[in-house]
Amino acid sequence: MSELETVRALARGALDSLELSRERIDDLNVYPVPDGDTGTNMSLTLGSVCDELREAEDDLAAVCKAVSRGSLMGARGNSGVILSQILRGFVGVVAESGGLDGSGLARALRAAADAAYQAVMRPVEGTILTVVRESAEAAEETVAADPSSDLLSVLVAARDRGDKALARTPELLPVLAEAGVVDAGGTGYLLLLDVLLHVIDGRPVPEPRVGEGAVRADARLVHAAVDEHGDGSSELRYEVMYFLEAPDEAIPAFKDVWAGIGDSIVVVGGDGLWNCHIHTDDIGAAVEAAVDAGRPRKIRVTDLAEQVEEERWVREATGAGDVVDFPPHASEPVCTAVVAVAAGDGIKRIFYSLGVQGIVAGGQSMNPSTAELLAAVEAVPAEEVVILPNNKNIIPVAEQVDAHTDRTVRVVPTRGIAEGFAALMSYDPEARADENAKEMTALASNVVAGEVTQAVRDSTSDVGPIAEGDFLGIASDGIRVVEQTQAAAACRLLEALVTDEHEIVTVIEGDGANPADTRAITEWLDEHRPEVSAEVHHGGQPLYPYLFGIE
Amino acid sequence: VDESGLTIPSDLGRITVSPAAIAQIVGRVAAECYGVVGMSLRGAARERVTQLLPKGRPGRGVVVRNVDGAVALELHVVVAYGLNLAEVAATVRSQVGYEVERLTGLPVASVDVHIQDVKRTA
């Protein structure tokens, strides 16, 4: 295999493996901020690398440049930024030396480690940085002991030392030991080395190391034995992968359909978002199954025999990667249009019904990029645009958009879906963006937001210990209640947040909500807050069975 | 600048945290944020309290304000060349906000991150 093919196969294999392990790595994420998005961010960053690679010419320098550029432009979150720096260091050496042998790999890993360390004032050990550095040291030691060491022996040494370093991360970083996990970013990096071993030597990619505290997603695997990259037993021609937004109860029927049309089936996920992989001869049926169950996103089809040309054709035909939705009224020109960030079909419908022209898929742990927001802003029929980020973490990204377009873009800093809904109550399509932003911001800030979600791990909070599976009631200032059932969490959260001053409580049902619990909530309000009226909407958002907007 | 400090209510009396102490925390956390290779005095920070802090001391390039009992922060940072600036800024924001709330128990009203310069480190 040439270096060119190795780099391409590494990027694609790494993306596949990261997508399969995404949720498990997310669950490890307790440092620097425990927001559970490390796996998702690394996977999205590599997705951008693969997109660039598809466009790149078959020339080693061009391919290396594409890796650099793709990881920079598509970097998401802290782990994505570090990963981009590592990849840049690595491909810099590969491009310079025009190939990859044992000593070249040692130099490339050293460059990756140096690049990673140079971009931070005070590096924190016990993170991905430690794993990168120690594996580079092992590679250098191997080459120093025997300068003729081949690529495989250097890589094995680097991988084994990296694995040991990863196992030691809890000793170096106490917050990891407390949570009983190893570092999430380091786990992702080790997976990269494992994929490189698979590409060079055909070794199977092992399960990522996790640690005792981590939530295991194994039970959700349909077929444990996966032919990861379609280079083995499967006679079937195409590999089809996508993210599927669908209710959990639709999944068994979906799997039945797939079982009839292919093999190497993996359906991993939960809470309304599933990562799906199949080898099949019938691409159409594989995609239709998703449309019947819910909504597919980021469809990727690979011709296992031939690859490039047909892949491009199918990709364009299916519009994969297009995460922006537009409703029918979006084509009528207005003075100011609104672009909102949202997840869940019901929530999107509500936004459209309130006059939003463009929606970008995203939310907690699923932050859209500036480029995606920009595409939506430039697609709506208005010269002035207001963006509703609907998540604290997306506000800074949204604020970047104005600088990249001729259109006037204003951001109403909504931190939740309920604030987004409230802001739209004063939206006037015929007014200027500045005026709209001012009015909408004022309304949004009047809303008290509440969320009910389920804990994915044991933890502690200001209101007492949290066990995995507990339901949490969260206000804008943090966790307020911990309960065994979502109905109890919802009612006690409302008890804490709703006062006699309030008039309306908007209840948005997400995945996991059910009629009995919704009735328990509305009955509690009737009894304990008789002055307040409740309005129930079906939002269909993942992860949060109930969202509240209190006005 | 409100020099009076921020107050944490307690049964045994008031606990006051000075802006300088918070600036120290912020400086240390920022130094560990990936992508941040330095703090800067340029821009608005030059006029304010932090100009007294010597180069290299944590707290430089940080402005701390008291907004109704909550902490409002302004950071002036230098970021490594070749990184996605929007993502680095978002990370600094969330990491600094999270650590200040965790370490002081004070609510954080806002964290404004100004990228004053981009520096080639290699």
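Over all chains, the count comes to 25 salt bridges, a salt bridge being a side-chain nitrogen of Lys or Arg within 4 Å of a carboxyl oxygen of Asp or Glu. This is a predicted model, in which local features need pLDDT of at least 70 and side-chain atom pairs count only at pLDDT 80 or more, while totals for chains, interfaces and linings use all residues. Residues are numbered from 1 along each chain as its sequence is written, chains are lettered from A and ligands numbered from 1 in the order in which they are written, and side-chain values use heavy atoms, with hydrogens and water left out.

**Salt bridges within chain A**

- The side chains of Arg168(A) and Glu134(A) form a salt bridge, at 3.4 Å from N to O.
- Arg168(A) belongs to helix α7 (residues 151-172) of chain A and Glu134(A) to helix α6 (residues 128-145) of chain A, so this pair ties together parts that are 34 residues apart in sequence. Helices (H or I, at least four residues) and strands (E, at least two) are DSSP runs, numbered from the N terminus.
- Arg168(A) is partly exposed at 32% relative accessibility, whereas Glu134(A) is buried at 11%. Buried stands for under 20% relative accessible area, exposed for over 50%, and partly exposed for values in between (1.4 Å probe, protein chains only).
- Glu384(A) and Arg432(A) form a salt bridge in which the closest N and O atoms are 2.7 Å apart.
- Glu384(A) is in strand β8 (residues 384-388) of chain A and Arg432(A) is in the loop between α16 (417-424) and α17 (433-444) of chain A, so the pair ties together parts that are 48 residues apart in sequence. Glu384(A) counts as buried, at 9% relative accessibility.
- A salt bridge also joins the side chains of Glu419(A) and Arg415(A), at 3.1 Å from N to O. Glu419(A) is buried, with a relative accessible area of 5%, and Arg415(A) is partly exposed, with 45%.
- Arg159(A), Asp160(A), Asp163(A) and Asp194(A) are joined into one network by salt bridges that share partners.

**Chain A overall**

- Chain A has 19 helices and 17 strands.
- Of the 551 residues in chain A, 58% are buried.
- Among contacts in chain A with a separation of 6 or more, 69% are between residues 24 or more positions apart. Contact means heavy atoms within 4.5 Å.

**Interface of chain A and chain B**

- In this interface, 31 residues of chain A are in contact with 27 residues of chain B.
- The two chains bury about 2,400 Å² between them, 58% of it on carbon and sulfur atoms. Buried area is the accessible area (1.4 Å probe) that two parts lose on being put together, summed over both.
- Arg122(A) forms a salt bridge with Glu32(B), with the closest N and O atoms 3.9 Å apart.
- The elements of chain A that give two or more residues to the side touching chain B are α3 (60-73), α4 (77-97), α5 (102-118) and α15 (395-400). On that side, α4(A) gives the most, with seven residues.

**Thr91(B)**

- Thr91(B) is in helix α2 (residues 85-104) of chain B and is buried, with a relative accessible area of 6%.
- A polar atom of the side chain of Thr91(B) lies 2.9 Å from the backbone oxygen of Glu87(B).
- Apart from neighbours within four places in sequence, Thr91(B) is in contact with Gly77(A) and Asn78(A).

**Nonpolar cores**

- The largest nonpolar core has 104 residues, of which Leu73(B) and Leu75(B) touch the most other members. A nonpolar core is a set of buried Ala, Val, Leu, Ile, Met, Phe, Trp, Tyr and Cys residues joined through side-chain atoms within 4.5 Å.
- Helix α9 (residues 184-201) of chain A supplies the largest share of this core, 10 residues.
- A second, separate core has 43 residues, including Val334(A), Ile347(A), Val360(A) and Leu424(A).

Technical notes:
A polar contact is a pair of N or O atoms within 3.5 Å; within protein, one must be able to donate a hydrogen and the other to accept it, and residues adjacent in sequence count only if both atoms are side-chain atoms.
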